[in-house]
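User: I would like to learn how to read the features of a structure one at a time, with the general idea given before the particular case. Could we work through the one shown here?

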Amino acid sequence: MAKKSPTLASVELRKGETQQSILKRFLKKCKKEKVLEEIFKKGNTKRHIKKSVKRKLKSEEAERRRKAEQNKMLKRIKRKKVFDRE
């Protein structure tokens with residue numbers, strides 16, 4: 001079965017309808033069709049991120065890598081000690 005391709009959500013102006021009500025109806029339809037979820041799916045688009053948030057994410061990533069490298073080194077040292085005993 002083929003994957004359903006996303007379609008544009010559209011609403012038609014009803015007689016005597018206000019701008020607020022048509023906008024509300026449009027947003028409701030977009031939510032129902034999960035349009036925004038598709039647009040902002042991780043890896044799907046690049047979003048603007050503040051510099052402060054970028055710095056924080058970068059430092060968190062660096063810390064995670066440091067911890068992983070430290071754990072790797074500890075495992076090597078422990079393994080080496082076990083082989084030295086034998």
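User: In what order do the elements of the chain run from the N terminus on?

Analyst: Helices (H or I, at least four residues) and strands (E, at least two) are taken as DSSP runs and numbered from the N terminus. Here the order is α-α-α, and the secondary structure of the chain comes to three helices and zero strands. This is a predicted model, in which local features need pLDDT of at least 70 and side-chain atom pairs count only at pLDDT 80 or more, whereas totals for chains, interfaces and linings use all residues. Residues are numbered from 1 along each chain as its sequence is written, and side-chain values use heavy atoms, with hydrogens and water left out.

User: Where in the chain is confidence lowest, and where is it highest?

Analyst: The quantity to read is pLDDT, the predictor's confidence in each residue, from 0 to 100. Where pLDDT is low, the predicted coordinates should not be read in detail. The mean for the chain is 83, and 84% of its residues reach 70 or more. Confidence is lowest in helix α2 (residues 35-39), at a mean of 77, and highest in helix α1 (residues 19-32), at 91.

User: What percentage of the residues in the chain is buried?

Analyst: Buried means under 20% relative accessible area, exposed means over 50%, and partly exposed lies in between (1.4 Å probe, protein chains only). Of the 86 residues in the chain, buried residues make up 5%. Accessible areas come from the Shrake-Rupley method with a 1.4 Å probe, and for residues only the protein chains shown count as cover. The chain exposes about 9400 Å², of which carbon and sulfur atoms supply 57%.

User: How many salt bridges does the count come to?

Analyst: A salt bridge is a side-chain nitrogen of Lys or Arg within 4 Å of a carboxyl oxygen of Asp or Glu, and by this rule the count comes to four.

User: Which residue forms a salt bridge with E61?

Analyst: The partner of E61 is R64, and the closest N and O atoms are 2.6 Å apart. Because E61 and R64 are three residues apart in helix α3, about one helical turn separates them. R66 forms a salt bridge with E63 at 2.9 Å between the closest N and O atoms, and these two residues likewise lie three residues apart in helix α3. Salt bridges that share partners join E61, R64 and R65 into one network.

User: Which residues make the nonpolar surface patch?

Analyst: Patches are made of residues with over 30% relative accessible area and no salt bridge, where like charges are joined within 9 Å and nonpolar side chains (Val, Leu, Ile, Met, Phe, Trp, Tyr) within 5 Å. The nonpolar patch, of about 280 Å², is made by L36, I39 and F40. I39 is in helix α2 and is partly exposed, with a relative accessible area of 36%.
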